[in-house]
Amino acid sequence: MEQKDFTGIGRDILFASRNELYMSLPYLDAALCALAFAPGGGVTLSLATDGETLYYDGSWLAERYLRGPSLTNRAYLHVILHCLLRHLAKKRGKVPELWDLACDAAVESILDELDYPCLGSAPAPVKRIFYGQCRQDMPVLTAEGIYRRLLRLGLPEYELARLQRAFLADDHGLWDPEERSGQERSHRQDQKWQNLSGRTQTGLETALSDRGSGGEAVLEQVRVAVRDDVDYRAFLRRFAAPREVAAVDGDAFDYGFYAYGLRLYGNMPLVEPPETREEKRIEDFVIAVDTSMSTSGELVRRFLACTYAILRSAGTFTRKVNIRILQCDDQLRSDTPIRDLEELRAYMENFQLTGGSATDFRPVFDHVAKLQEAGAFTSLRGLVYFTDGMGIYPEKRTPYETAFILLGEPPLAVKTPPWAIRLVLEAPDLDRTAEQLAEEIDLDELPEL
């Protein structure tokens with residue numbers, strides 16, 4: 001059979017795979033139809049995409065289809081999930097080999113959890129072992145989390161090659177083009193897939209409410225993909241209250257009358273600048289830390305260091321503060337009052353995580369209620385609780401704002417109370433905030449993350 005005959009055969013196989021996948025996963029309808037098919041594109045013995053077109057090798061598709069239609073179904077959905085999770089645009093600035101492997105592993109982990117006959121059998125042992133090792137560090141196997149783990153491990157070349165063979169399914173050569181026109185096109189495609197991810201998330205949340213078919217794995221990663229970068233600094237400032245401080249308020253001062261008085265009387269202005277102005281400052285505040293066995297002491301330390309840096313920055317905190325830092329697992333382990341930022345810095349330098357049992361959030365809120373009754377707070381605006389999200393939540397709404405800060409997307413089983421604020425942070429969010437703050441304050445004042 002001549003090579004040109006495989007072009008039509010490959011296209012027919014892709015259409016058949018798309019139709020079969022749609023029958024099993026209707027919530028991916030828009031994503032499955034978002035790529036045009038084209039042969040070539042520099043692709044041999046594989047599939048590849050630039051976010052707009054799916055390039056294929058017809059002979060490779062035909063060979064895999066003869067071995068089993070599920071192989072071509074998996075390959076097709078593998079490429080679609082790369083796009084849906086926005087792996088293409090996120091490659092810039094990453095180590096290419098590690099990022100490609102992390103993306104393939106994240107996508108294959110989804111495919112191996114989807115319980116559909118059209119996607120084939122159980123994963124190979126090498127993949128199951130890798131998934132288990134990764135889940136010790138992260139509740140959701142995202143490409144970002146796996147990439148950070150690979151960077152930290154520094155695996156030898158032969159081990160990376162073994163993992164690449166286990167997870168390889170497509171060609172990533174068209175990702176992250178270097179030329180400017182290609183970068184602009186890549187940005188447009190990323191916006192398109194971000195919109196498709198949001199649409200898919202809505203469909204999944206509706207379709208999976210009463211099913212256990214494995215689609216939860218897709219939803220967990222899609223939620224991570226559509227989540228915008230978090231500005232933790234702006235979030236923390238929402239707990240600030242208006243306070244009058246001694247400073248010139250230029251915004252409330254009319255320079256017209258001031259200048260008119262100088263012109264009319266020489267050196268006598270008609271009005272003087274206000275000597276006070278209103279600013280939003282944080283005074284009464286509670287920081288609660290989950291010290292259960294599932295919480296890493298290093299992550300808690302980084303969170304506190306970033307929080308300290310935000311509070312240390314200008315215009316956020318008064319000189320004298322009233323912070324309570326509570327540590328709790330299934331019971332309250334410590335309550336440390338902080339009266340100024342130097343005490344907070346000293347606490348951070350000698351920080352030790354206390355606890356290690358299961359998680360129950362209720363003792364913290366019971367203790368704060370007792371502190372309020374005793375008059376420990378003048379005007380408590382809010383409480384932030386750093387946790388992995390897994391534990392027993394209080395049922396009643398608090399009279400102050402409560403935020404649960406989750407480092408990384410938790411499993412779908414984790415349901416924070418509807419009355420509480422839920423903020424998902426990634427380690428890069430904390431690092432980026434710390435870098436921005438380092439430009440505003442003395443580096444010696446910034447605790448090491």
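## Overview

The secondary structure of the chain comes to 16 helices and 10 strands. Helices (H or I, at least four residues) and strands (E, at least two) are DSSP runs, numbered from the N terminus. The model is predicted: local features need pLDDT of at least 70, side-chain atom pairs count only at pLDDT 80 or more, and totals for chains, interfaces and linings use all residues. Residues are numbered from 1 along each chain as its sequence is written, and side-chain values use heavy atoms, with hydrogens and water left out.

Of the 449 residues in the chain, 52% are buried. Buried means under 20% relative accessible area, exposed over 50%, and partly exposed in between (1.4 Å probe, protein chains only). Contact means heavy atoms within 4.5 Å. Take the contacts in the chain between residues at least 6 apart in sequence: 69% join residues at least 24 apart.

An open sheet holds 3 strands in the order 1-3-2, with mixed pairing. Strand 1 (36-39) and strand 2 (47-49) are at the edges, each with a single partner strand, so one side of each has no neighbour in the sheet. Neighbouring strands of this sheet are turned by 30° against each other on average, direction ignored. Two strands pair if DSSP finds at least two bridges between them. Strand 1 and strand 3 (residues 53-56) pair in the parallel sense over 4 bridges. Ala36 has Thr53 in strand 3 as its bridge partner.

Two helices meet this sheet. Helix 1 (residues 5-24) lies across strand 1, strand 2 and strand 3, and runs at about 155° to strand 1. Helix 4 (residues 69-84) packs on the sheet and touches strand 1, strand 2 and strand 3. The direction of helix 4 makes about 20° with that of strand 2. Axes here are lines fitted to C-alpha atoms, for helices over the stretch in contact, and angles run from 0 to 180 degrees between N-to-C directions.

## Strand 9 and its partners

Strand 9 (residues 401-407) is mostly covered: 5 of its 7 residues are buried. Strand 8 (382-387) pairs with strand 9 in the parallel sense over 6 bridges. Strand 9 also runs parallel to strand 10 (residues 421-425), joined by 5 bridges.

Val384 stands opposite Ala403 in strand 9, and Ala403 stands opposite Ile421 in strand 10.

## Aromatic pairs

Rings of Phe, Tyr and Trp (its six-membered ring) pair if their centres lie within 6.5 Å; planes under 30 degrees apart count as stacked, over 60 as edge-to-face and the rest as tilted. The count by this rule is 13 aromatic pairs. In one of them, the rings of Phe361 and Phe404 have centres 5.3 Å apart and planes at 65°, so the pair is edge-to-face. Phe361 lies in the loop between helix 14 (341-349) and helix 15 (362-373), and Phe404 in strand 9, so the pair ties together parts that are 43 residues apart in sequence. Both Phe361 and Phe404 are buried.

Tyr393 and Phe404 also form an edge-to-face pair, 5.0 Å centre to centre with 85° between the planes. Tyr393 lies in the loop between strand 8 and strand 9, so this pair with Phe404 of strand 9 links parts that are 11 residues apart in sequence. Tyr393 is buried, as is Phe404. Ring pairs link Phe361, Phe365, Tyr385, Tyr393 and Phe404 into a cluster.

## A charge over a ring

Lys94 lies over the face of Trp99, at 4.7 Å from the ring centre. The rule asks for NZ of Lys or CZ of Arg within 6 Å of the ring centre and within 35 degrees of the ring normal.

## Cysteines

A disulfide is a pair of cysteine sulfur atoms within 2.5 Å. The whole structure has 0 disulfides. Cys83 counts as buried at 2% relative accessibility, and Cys134 counts as buried at 1%.

## Two loop residues

Most residues other than glycine have a negative phi. Arg86 has a positive phi of about 60° although it is not a glycine. Arg86 is found in the loop between helix 4 and helix 5 (96-113). Its relative accessible area is 13%, so Arg86 is buried.

Ser292 lies in the loop between strand 5 (276-290) and helix 13 (297-312). Ser292 is buried, with a relative accessible area of 3%. Not counting residues up to four places away in sequence, Ser292 touches Asp329, Gly356, Ser357, Ala358 and Thr359. The C-alpha atoms of Ser292 and Gln327 are separated by 9.5 Å, and these residues are 35 apart along the chain.
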